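Morning, everyone. Let me put the structure up, and then we can walk through the packing.

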Amino acid sequence: MAKAVIAIHGGAGAITRAAMSAEKEQHYRQQLSAIVTAGQQILAAGGSALDAVTEAVRLLEECPLFNAGKGAVFTHQGTHELDASIMDGRTLDVGAVAGVSHIRNPILAARKVLENSPHVLFIGAGAEAFAAAQGLAPVEADFFSTPERWEQLQRALHSQQMVLDHDGEANSHSDDPLDPDRKFGTVGAVALDLQGNLAAATSTGGMTNKQAGRVGDSPLVGAGCYASNDTVAVSCTGTGEVFIRTLAAYDVAAQMHYAGRSLQQATANVIHDKVQELEGSGGLIAIDAAGNVALPFNSEGMYRGFAYVDGDVEVAIYRDS
């Protein structure tokens, strides 16, 4: 029997301890713990890694604290464009959607692509039509909107900057544990099930004030998401363009497969060397075929959590906790 385990992330970025309220931080920790627990229970019941990461990311999409699904950030044009991908480490099957505005849970659409399409990636209206044909009811574009995200866009427009959802200096306008104007708001999950199968899933609303049509690493297999039973399952969060240029998720697997590096060695090299050399910021979560867990990041903090079946749930935000 494999050492079944699940790990999740809710984005990485700069810490706002000075402005943070204990109540808001506790809210984040509670949500992370509840979502890890939900995935843990699926694995404990004999469920697949694919089901566990699908449900964990769906729950992250449903929580407006995170930038995926409800609570997704706005583009420069004041719209929402969401991306997601999922990969089955057992079969190397993949499903992904990008630039969607009417799919409540993009990760469920990505799962439908994996299961029911010969294609790997659908975008825009084509992705939405495919999702509807698969029985996923469309939502109005304003379903994803929250007042906090709109205010975040206005600040970005005023400063004429593109904002990575969890990255920056402490702001007096926020009591979030990570600065909402300088954080990378991708969410993701990786898991190893009792049958020894790995899976990974990633979802995002992108970057505040991004140009409409921009796509980051999250829906690109090998960049923001990767899983193979031979090596590892990986989900990334960070400067999307840099994670694409380095093929960050696949690079972890490649280093393990070709160079014989351990999970800790490979993930540290990708995040602290390769990504950082290109001035990229962020992190990743990874589980290898033996059930080892790695949660490296080169930013000040990363929302994260993990749990083994029958083990305690561990969640953290900062480097020290």
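I'll go from the cores to the aromatic pairs, then to a few side-chain details.

This is a predicted model. Start with the largest nonpolar core, which has 51 residues. Ile6, Ile8, Phe66 and Ile86 touch the most other members. Helix α2, residues 49-62, gives the most to this core: 7 residues. There is also a second, separate core of 39 residues, with Ala227, Val252, Ala286 and Phe297 among them.

Now Phe66. Phe66 is buried, at 0% relative accessible area. Beyond four places in sequence, its contacts include Gly10, Leu32, Leu60, Arg149 and Val187. Tyr28 and Tyr303 are also in contact with Phe66, and those three form one aromatic cluster.

The structure holds 8 aromatic pairs. Tyr28 with Phe66 is edge-to-face: 5.7 Å centre to centre, 80° between the planes. Tyr28 sits in helix α1, Phe66 in the loop between α2 and β2, and they are 38 residues apart. Tyr28 is buried too, at 1%.

Next pair: Phe74 and Trp150. Their centres are 5.1 Å apart and their planes at 75°, so this pair is edge-to-face. Phe74 is in the loop between α2 and β2 and Trp150 is in helix α5, so the pair ties together parts 76 residues apart. Phe74 is buried, at 5%. Trp150 is partly exposed, at 43%.

Two lysines lie over rings. Lys3 is over the face of Tyr308, 4.9 Å from the ring centre. Lys70 is over Phe143, at 5.0 Å.

Last one: Thr208, in the loop between β7 and β8. Is Thr208 buried or exposed? Buried, because its relative accessibility is 0%. What does its side chain make a polar contact with? The side chain of Gln152, at 3.2 Å.

Conventions. Residues are numbered from 1 along each chain as its sequence is written. This is a predicted model: local features need pLDDT of at least 70, side-chain atom pairs count only at pLDDT 80 or more; totals for chains, interfaces and linings use all residues. Side-chain values use heavy atoms; hydrogens and water are left out. A nonpolar core is a set of buried Ala, Val, Leu, Ile, Met, Phe, Trp, Tyr and Cys residues joined through side-chain atoms within 4.5 Å. Buried means under 20% relative accessible area, exposed over 50%, partly exposed in between (1.4 Å probe, protein chains only). Helices (H or I, at least four residues) and strands (E, at least two) are DSSP runs, numbered from the N terminus. Contact means heavy atoms within 4.5 Å. A polar contact is a pair of N or O atoms within 3.5 Å; within protein, one must be able to donate a hydrogen and the other to accept it, and residues adjacent in sequence count only if both atoms are side-chain atoms. Rings of Phe, Tyr and Trp (its six-membered ring) pair if their centres lie within 6.5 Å; planes under 30 degrees apart count as stacked, over 60 as edge-to-face and the rest as tilted. A charge sits over a ring if NZ of Lys or CZ of Arg is within 6 Å of the ring centre and within 35 degrees of the ring normal.
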